[in-house]
Protein chains: 2
Amino acid sequence: MSAQSAQSSFTNTLMPQPSKLTAEPGGFILKPSFTVAAPQFRDGRLDAAIGRTLHRLEYETGIPVAKDIHKDPAGASLIIEVKGAGEVIQSVDEDESYSLHVTANGAKLQANTVVGALRGMETLLQLVQPDHSTYFLPAVSIEDTPRFRWRGLMIDCGRHFEPVPVIKRTLDGMAAVKLNVFHWHLSEDQGFRIESKLYPKLAGMGSDGLYYTQEQAKEVVAYARERGIRVIPEFDMPGHSSAWFVGYPEISSGSGPYEIRREFGISDVAMDPTRDSTYKFLDGFVGEMSAIFPDPYFHIGGDETNGVQWKGNPRIVEFMQKHDLKDTAALQAYFNQRLLKILVKYHKHMIGWDEVLNPALPKDVVVQSWRGEASLAAGAKQGYQGILSAPYYLDGMKSAEQHYLADPLPANSDLTPEQRSLILGGEVCMWGEQLYERTIDSRIWPRTAAMAERFWSPENVRDVDDMYRRLNTVSIRLEVFGLTHLTQEDVGLRALTGSADIDAMRVFASILEPVSFGERYEGQHTSQLTPLNRLVDAVRPDPPSRYEVQVLVHALLENPSQHSDEKHQLEAAFSAWKAAAPKVQQRVTASPLLTEDAAARAQQFAQLAEIGSQALAYLAGASSAPTGWKQNSLTVLDNAKKPGGLVRFTVLGPLRDLVNAVQEK
Amino acid sequence: MSAQSAQSSFTNTLMPQPSKLTAEPGGFILKPSFTVAAPQFRDGRLDAAIGRTLHRLEYETGIPVAKDIHKDPAGASLIIEVKGAGEVIQSVDEDESYSLHVTANGAKLQANTVVGALRGMETLLQLVQPDHSTYFLPAVSIEDTPRFRWRGLMIDCGRHFEPVPVIKRTLDGMAAVKLNVFHWHLSEDQGFRIESKLYPKLAGMGSDGLYYTQEQAKEVVAYARERGIRVIPEFDMPGHSSAWFVGYPEISSGSGPYEIRREFGISDVAMDPTRDSTYKFLDGFVGEMSAIFPDPYFHIGGDETNGVQWKGNPRIVEFMQKHDLKDTAALQAYFNQRLLKILVKYHKHMIGWDEVLNPALPKDVVVQSWRGEASLAAGAKQGYQGILSAPYYLDGMKSAEQHYLADPLPANSDLTPEQRSLILGGEVCMWGEQLYERTIDSRIWPRTAAMAERFWSPENVRDVDDMYRRLNTVSIRLEVFGLTHLTQEDVGLRALTGSADIDAMRVFASILEPVSFGERYEGQHTSQLTPLNRLVDAVRPDPPSRYEVQVLVHALLENPSQHSDEKHQLEAAFSAWKAAAPKVQQRVTASPLLTEDAAARAQQFAQLAEIGSQALAYLAGASSAPTGWKQNSLTVLDNAKKPGGLVRFTVLGPLRDLVNAVQEK
């Protein structure tokens, strides 16, 4: 092969960042003569992944790529050397490391396992860049291995069902950012979501017909494995279990009959931990599910059982007294111990939320912490493995920055090295109260990519500016899988306005984001039956405006004379808001649904535009702010911060800073 | 129930327009107390459709609606009176008529069949409008019945496979505009797309693994039936059949071996019509498919068999001589006669493209005309039933207007009343050479809605202005089914520019559309393996700009003094183009793929903006056009009309009219 080096240099848009990377100028130019060789180990999984990689390469560049995989590495553009298949059932200890070297002559990807090669191929695809009239792979040397072994995303399909295509495109996105655990929350008070042939009334009566067949579940497990992703099912027990009892009231602690619960929040019902028949039922169920989910971990939930139904049942109270169980926590620990025996029988490790933590349980139980780092550390000090979820709740509608900076194992942790090794990693949590298949993508993406980097990349990769720069690119790349996180906002705006002309509404929506799950619940009292069709469902958490306006304002205020470019960008933004505002005020009257949420916000939007423009003018010294302007402006900002329409403005902080920087005459 | 009439009046956004409609002021206000009663016939299909209707009503309005269906009509907001189930297997003669009456007291929908009720429910949903702070159903009386019995959409899943979710969302869209036939083109030279258990190598070797299982096909048939849509499978024979022969070369007229054909266009291969074994094979196959597709029609394709393989096989030539078959058309007629016997055995009527037309075939054969109205009329004169497809080819990238005005049975037709009754209707055709699951929606929608109106509504519903006005609304309503016709353009623009900031590119793309299938094929020589990732794949056929600019310019030129509003709209449009042009010229350099297609077009875009602005200024008389301006401008427009980048501008005609109207000094 005659090498012809690229002229351009590497622009780092990788996410997650690799452990070690060095770059040289130039690189390998992509041409239709591109060929692939896998001279060492090959199997169906590797071949399929290479096929997908070549298709994506071809799709991105338009350069036709032959799909044959050669044995002979001589002259190949991309050589993929894999030592072996890796684990038959991927575990938390799977070797995911790889190295990738690109020169003007081509690329070489090396890995011990197919999973390592999968990770490397995602990096390779992220490397592709334009080089004037063609595309190239920049000359880099990458040695990469994950910081944490457990990098998960939990999706709650109990409260709202998510169809298989949604799960698959999410798995594609996960693989692209090197996540390796799909935690599938399959049962809730609001729905039991998988077919049981042993207990057909579980899904038959507990799901409104919205459940995964066993065949579909196996399809998802296989799809995930092809992408190096483990699937851990969660069946929440003994609480969060109303949907089980619709068909099988006999395993509950009350007398029934039960209905699928439509309200959210903690319910009083729970399984009956005192009867052998409950465990017999669960033994059958766990056995059946074990045949579908090969992962060695089985998530039993265990959270938020309030004990009300137990305390209200004299037979259960008597049982507690007889067995010296002093409170309902002790009764739950008893339940977990018996459940653990069933899991052990089926060769499963137990994983559960904080509440399962109990000295009576053996040390191979993994604790998933929704309560926070302190709770996680406390578990590690007792010798339990743990994964952190508390700071990674997507329904809090926090910024990618907030999630990104939360570390499962912070530098200042007081854990010993041995205890530190018990922190397996983290899991992003997508609870399902207020989302459904049309809105889930914008809640998960792109923020989850930032957390994926936290879990994969070295601890010191913490530059928020750089993260946001790369996040924008990753977000666009994710659309190739059919993810709708960027398009769904427009769909919502068109539906709400009944108009295809949404230019002005887009500008308005660009500085709005949903309020948190809790605030919306307070404001709207959502249940499973609430239509999710409002402005809050259309807008996206942490839209680019939030960080961009903040950065521009801070740069400008730090040194106004040196940041004329920032000033012009802000002027342009405020002008665009001002230009859009009248049309927005007219458009929000298009439908009652929109008027209710957005009429006040649209007025405030016009005011924010005005304040921003004025502040810039006053700061530039063209004229002085009249007395009272500052106080009036701050009052407007205060009002815009008040709850309303289930959405909030993303730019109030920097606008306040701008106003405060103005000198009145 | 205490009635409270709405204050607003009916705005007609129905598509298709009903046969008869009268409207009164006011209407029925939607409230959470909304109830439904179905006091007469009910079955699972009706109940499910009512459930979907209530969900959509609730989703659109945000008003919680109880889902119970009452028996007692007293006090119900919506009464659905259905006489009976309709046909067990929906036929071309199914009664689809309904009547719908809305007063201030509520709505009553009456139909003889469940299918009629389905049509009426779609009309009901299209009626919903805002009324100040709530929503209402306008007071209308509708009597509705389709003009044509056969209103179809064909999708070619042979050349590119379309996954089941794509088919389902398309069926939802079809039902929304009252189409009633899904013609499923399942085999092609490029792919055999359905599982055969009898001949597993058909899909096993002929599909690249991209095929529908029998279970999935049954699921699609059931999904369609729930929506009152017949499913007619097409297996193209004896030509267009390379994919069959990969696994079964013995039914071909050559010796093989065969591969899946990647090139498009007419291939030389065909089934062997001379051997009994061919018919034995087809008997088994048709029998197997008949169990999956209950529709009485079976489409055998029959188009574009060029006879090359027949003429090259001495055994076949000898057979022709022996049986006095004077040419290959006669041989194909012989094949069709034997195939017909098989269809009859399985109680199927034959349907095929023009080429099947042959006096030797009985009169229950239906001819689908891709050759045009004349061919269709010729068939009718011979006594054959027919459906028109020629003017409804979506891949010609024609405007909705062109499709809309093409009538299966034009007013000036010379057919006798009896012959006219043989014209069953029309079918929109979506051929699959240059599309795939990401781009198919924008090719089908919204243009197909205009054709659906042509097939359903009275002949005299031909007002193009009114059609476009309603089409914009229908287009937005279709997004509720997950159709991506409006969002996919943005996805493409982001992928091509690598940027989330596509405001300027959107303005550019808004006046571009794809060239026709043929022009693209000439320009790019697409095959099945061509990545469909270019600007032409992103932009949409007949975007709103085309008609809007044309209407504005013509109004202005007709009477400039009376159309200042149009003038301002045009000025705003040209200003927006001008403002976007510099950024577009920069953005198109972002990727080689985009530069190749769009660099020249971006320059022309800037020129068009300039010419438009100047023309308006000269027409306003502020100054005179310098000598030569007109000629120069026309030259620019001529250049912009030349092929380039596989896309064309939508606004050249009206710009030319503007330029021509300018007086030079």
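**Strand pairing, barrel and backbone features of the predicted model**

In chain B, B:Ser99 stands opposite B:Glu143 in strand E8. The model is predicted: local features need pLDDT of at least 70, side-chain atom pairs count only at pLDDT 80 or more, and totals for chains, interfaces and linings use all residues. Residues are numbered from 1 along each chain as its sequence is written, while chains are lettered from A and ligands numbered from 1 in the order in which they are written.

B:Ser99 belongs to strand E5 of chain B, residues 98-103. Strands (E, at least two residues) and helices (H or I, at least four) are DSSP runs, numbered from the N terminus. One face of E5(B) is covered and carries B:Tyr98, B:Leu100 and B:Val102. The uncovered face holds B:Ser99, B:His101 and B:Thr103. E5(B) pairs with E8(B) (residues 134-144) in the antiparallel sense, over 4 bridges. Pairing requires at least two DSSP bridges between two strands. E5(B) also pairs with E6(B) (residues 106-113), again antiparallel, over 6 bridges. These two strands, E5(B) and E6(B), form a hairpin with 2 residues between them. Within E6(B), B:Ala107 is the bridge partner of B:Val102.

Chain B also contains a closed barrel of 8 strands with parallel pairing, in the order E9-E10-E13-E14-E15-E16-E17-E18. Neighbouring strands of this sheet are turned by 30° against each other on average, direction ignored. Axes are lines fitted to C-alpha atoms, for helices over the stretch in contact, and angles run from 0 to 180 degrees between N-to-C directions. E9(B) (residues 150-156) and E18(B) (residues 423-430) run parallel and are joined by 6 bridges. There, B:Arg151 stands opposite B:Gly426. Helix H11 of chain B (residues 373-381) lies across E16(B), E17(B) and E18(B), at about 170° to E17(B). Contact means C-beta atoms, placed from the backbone, within 7 Å.

Two backbone features involve proline. A cis peptide bond joins A:Met15 and A:Pro16, with omega about 0°. A:Pro16 lies in the segment before strand E1 (20-29) of chain A. Another cis bond links B:Trp445 and B:Pro446, with omega about 0°. B:Pro446 sits in the loop between H14 (440-444) and H15 (447-456) of chain B.

Positive phi values were also found in non-glycine residues. Phi is about 60° at A:His347, in the loop between H10 (328-345) and E14 (349-353) of chain A. A:His347 is exposed, with 10 other C-beta atoms within 10 Å. At B:Asp542, phi is near 50°. B:Asp542 counts as buried, with 22 C-beta neighbours inside 10 Å. The cut-offs within 10 Å are 20 or more other C-beta atoms for buried and 12 or fewer for exposed, with partly exposed in between; C-beta atoms are placed from the backbone.

Technical notes
Contact = placed C-beta atoms within 7 Å.
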